[in-house]
Amino acid sequence: MEDEVDRLVAAWRRERPDLDVEPLEVLSRVSRLARHLDRARRIAFAEHQLEPWEFDVLTSLRRAGDPYQLSPGQLLTQTLVTSGTMTNRIDRLAKKGLVERLPDPSDRRGVLVRLTAEGRDRADQALAGLLAQERAILGELSRAQRGELAGLLRQLTAPFDNIPG
């Protein structure tokens, strides 16, 4: 089965036979897949009236376990945004009733961000929708192929995820 990347690689091999275009065979597919995943995720989140960034914050809190709360600093670490951006996001989610701010009992000047019941329900429903979308995307692969692909992608992404700072 031929895909768009096969056609792109063939054209480059014809036009630039002096270059080794083999990396395109993998990374152009990863790039194209990322765009398809982004589209599928936006659809899954929109069905639950969430933006991708809202899903990221809500699911960070949900994964924290009961009582589903983190400090703004912990949320920064998990979502990789600036403190100003996080403050804005928390404000917007609080206005929607999806999170609440609470005083941090261990730091009189600090706050904790806690998921509300509605926020937890919305995160759970959006996650279920996302998983259905992603299962469909992976539908052509066997369980063994999915495991092998996950391992290979881990090898590529781990160095980026483990850079200090």
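1. Leaving aside its neighbours within four places in sequence, which residues is L93 in contact with? In this predicted model, where contact means heavy atoms within 4.5 Å, L93 is in contact with W53, E54, V57, L58, L98 and V99.

2. Residues are numbered from 1 along each chain as its sequence is written, and side-chain values use heavy atoms, with hydrogens and water left out. Local features need pLDDT of at least 70 and side-chain atom pairs count only at pLDDT 80 or more, whereas totals for chains, interfaces and linings use all residues.

3. Helices here are DSSP runs of H or I with at least four residues, and strands are E runs of at least two, numbered from the N terminus.

4. The axes of α3 (residues 52-63) and α6 (residues 117-137), lines fitted to C-alpha atoms over the stretch in contact, with angles from 0 to 180 degrees between N-to-C directions, come within 9 Å and cross at roughly 105 degrees. The two helices, α3 and α6, are therefore roughly perpendicular to each other, a term covering 65 to 115 degrees.

5. At this contact, F55, L58, T59 and R62 in α3 meet residues of α6 including G119, R120, D124 and L130.

Technical notes: Parallel < 35°, antiparallel > 145°, perpendicular 65-115°, else oblique.
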